[in-house]
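Thanks for coming, everyone. Today I want to talk about aromatic rings. Please take a look at the structure first.

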Amino acid sequence: MSGKLGEILIRQNLLTHDQLKEAVEYQRRNNLGLSVSLVMLGLVSEPQITSALSKQYGVPAIDFSTIEIDEAVTRLVPREVATKYCVVPIARRGATLTLAMADPANVYAMDDIKFVTGFSIEPVVASEIGVRQAIERGYGSVRGLDLHTGKEVAPPLPEAALKRLAQKKKEKPEAPKQEGLSSNDLAAAANLVSEFESEFGDAEEALEVMEEQAEIDIRSLEGSSQEAPVVRLVNVVLVESLRRGASDIHIEPYEREFRVRFRIDGILYNIMNPPLKLRDALISRLKIMSKLDISEKRLPQDGRIKIKLRFEGKSRELDFRVSSLPTLFGEKVVLRLLDKEKLMLDMTKLGFEASSLEKFKRNIEKPYGMCLVTGPTGSGKTNTLYSALQSLNTPETNIMTAEDPVEFNLMGINQVQIKDQIGLNFAAALRSFLRQDPNIILVGEIRDFETAEIAVKAALTGHMVLSTLHTNDAPSTVSRLMNMGIEPFLVATSVNLIQAQRLIRRICANCKIEAPIPPQALMEFGFSEEESQTMKLYKGKGCEKCNGTGYKGRVGLYEVMEMTDALRELILVGASNIELRKQAIEEGMITLRGSGMEKVRQGITTIEEVVRETVK
């Protein structure tokens, strides 16, 4: 390690060959580490060494002055082991122990500590001096003391080093004060709040945070995040998202801009641009509300905010699922609004065509088999499955679900939250379900062969299994299962039905007007010549209710492929997606494009929306 550290410091112009030679000689004379020698001689600072080590080994660097180590975590590793390898445990998450190491390339140290503790090891790099000091703080000091003075014994420094340190002390500038939020920044936040509250009312009075964390250790962030304008600005964003019918809130920092966007009916809209200096305070406020670690800015985190507010004269409880992600210019935070009142559990109102709904209901009511719902993120799969469960939920039925995350609590249904960090994945949950005497099992997502295999076996042994997959259409789901490793004969015998779906925007009912389109364009889209001559088409003109977009709300497009004997035979002989699709259409399957065309005929949506989400 010594040679490599010296070389990288030289490459970064932090050290010369002569200085390295001086440090190595001092190191050998006093039996010290190279990094300690470099710092003691005043050649390189601790942060410079930590940064160099981080680049050298490709692991994160930490500064012990910014973290507080739990004594219980320290005791997981015996002192003699920590001292021998110059390591100190700093955090534990589930079965993973984060270890600060002066030499992150020391695989023997990681193997020994993994054996001693039974935890997986995640290394981070710190300076050797920092690690030694952390060991002394955590385990108690055992440094050598001078018998006469009682002071710590330190090796003598060469005269040249003493002069260099004295010169550096003279030149060292006064440490800058930590920059907080100025009165101008707070005034800008207050102006944003006033602008939005003038339309809606006082968000602070309307909104109450439930189960908020009481105390945070990082005082500077906590202070700025509790400033009144910052708190009110966050409240305004949450309340405004509900007023505008948003499904997601995106808080995004960039190099010279800080913006807030709402996803409304599947489309992102820019809502406000707070001052860039509010970035840390606003994000810290959200992290405090969702019980996340505001000192951890290098790793993604997930949490939840539960709020109670008065909206349109009545009290509402809302959940926000919160996800933070480190980006180039700070943490991006996305909040998913989970509003029970928007959960549509009546399948007849989701947008199914009559024949498709009949097939779907017929197959989920079978005593065993598998029904799969496919589509991209945000296509309404969870809503469809919850609707199916609600229709099957009776006192005589034992329904169990494994979800990541559990979005809504449903009375009478046993819901399990997946926690990968402790080994509770979909496969583990599914195995346990089979010992719980279930009638119906919902698996949030089939992601791998293990989960798919257990789900298929459950479907073949007298259980109804509902699950989701990420595929483009219904026929391609068969190929996806076989690519995971499921045999064709198992797919053919276990799957009852595959349904693909998308969500498209509805034309705003308040500003709906007729919008003629040339018959030729309609024929190119797929309508017959006769139909193109007589069809009436509509669009939204744009009004206050739809924020000028012409669209308000969303409706589903559904492609329901029911497994028939003919389709099962094609699967057994290895037919392609094209052949499966052709056969399913011959047997009456309505494609996603066909479902979209039907919505256009009914005046529910526009051709542009259908084209945006489907292909011919």
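**Rings and their partners**

Let's start with a charge and a ring. Arg505 places its charged end over the ring of Tyr551, at 4.1 Å from the centre. Keep in mind that this is a predicted model. A lysine does something along these lines too: Lys512 lies over the face of Tyr538, and the distance to the ring centre is 4.9 Å.

Now to rings beside rings. How many aromatic pairs does a search of the whole structure find? It finds 4. Take Tyr386 and Phe408. Their ring centres are 6.2 Å apart and their planes stand at 75°, so we call this pair edge-to-face. The cut-off for that word is an angle over 60 degrees. Where do the two residues sit in the chain? Tyr386 is in helix H16, residues 381-392. Phe408 is in the loop between strand S12 (399-403) and strand S13 (414-417). Buried or exposed? Tyr386 and Phe408 are both buried.

Next, Phe525 and Phe527. Here the centres are 5.5 Å apart and the planes are at 40°, so this pair is tilted. Phe525 and Phe527 are both buried.

There is also a cluster. Phe352, Phe360 and Tyr558 are linked by ring pairs.

Last stop, the surface. Tyr254, Leu328 and Phe329 make a nonpolar patch there, and together they have about 310 Å² of accessible area. Phe329 sits in the loop between strand S9 (314-327) and strand S10 (330-338). Its relative accessibility is 30%, so Phe329 counts as partly exposed.

Note on methods: Residues numbered from 1 in each chain as written. Predicted model: local features only at pLDDT ≥ 70, side-chain atom pairs only at ≥ 80, totals over all residues. Heavy atoms only, no water. Phe/Tyr/Trp six-rings, centres within 6.5 Å; stacked < 30°, edge-to-face > 60°. Helix = DSSP H or I, 4+ residues; strand = E, 2+ residues; numbered from the N terminus. Buried < 20%, exposed > 50% of the residue type's maximum accessible area, 1.4 Å probe, protein only. Lys NZ or Arg CZ within 6 Å of the ring centre and 35° of its normal. Patch = residues over 30% accessible without salt bridge, like charges linked within 9 Å, V, L, I, M, F, W, Y side chains within 5 Å. Areas by Shrake-Rupley, 256 points an atom, 1.4 Å probe, with all protein chains shown as cover. Salt bridge = Lys/Arg side-chain N within 4 Å of Asp/Glu carboxyl O.
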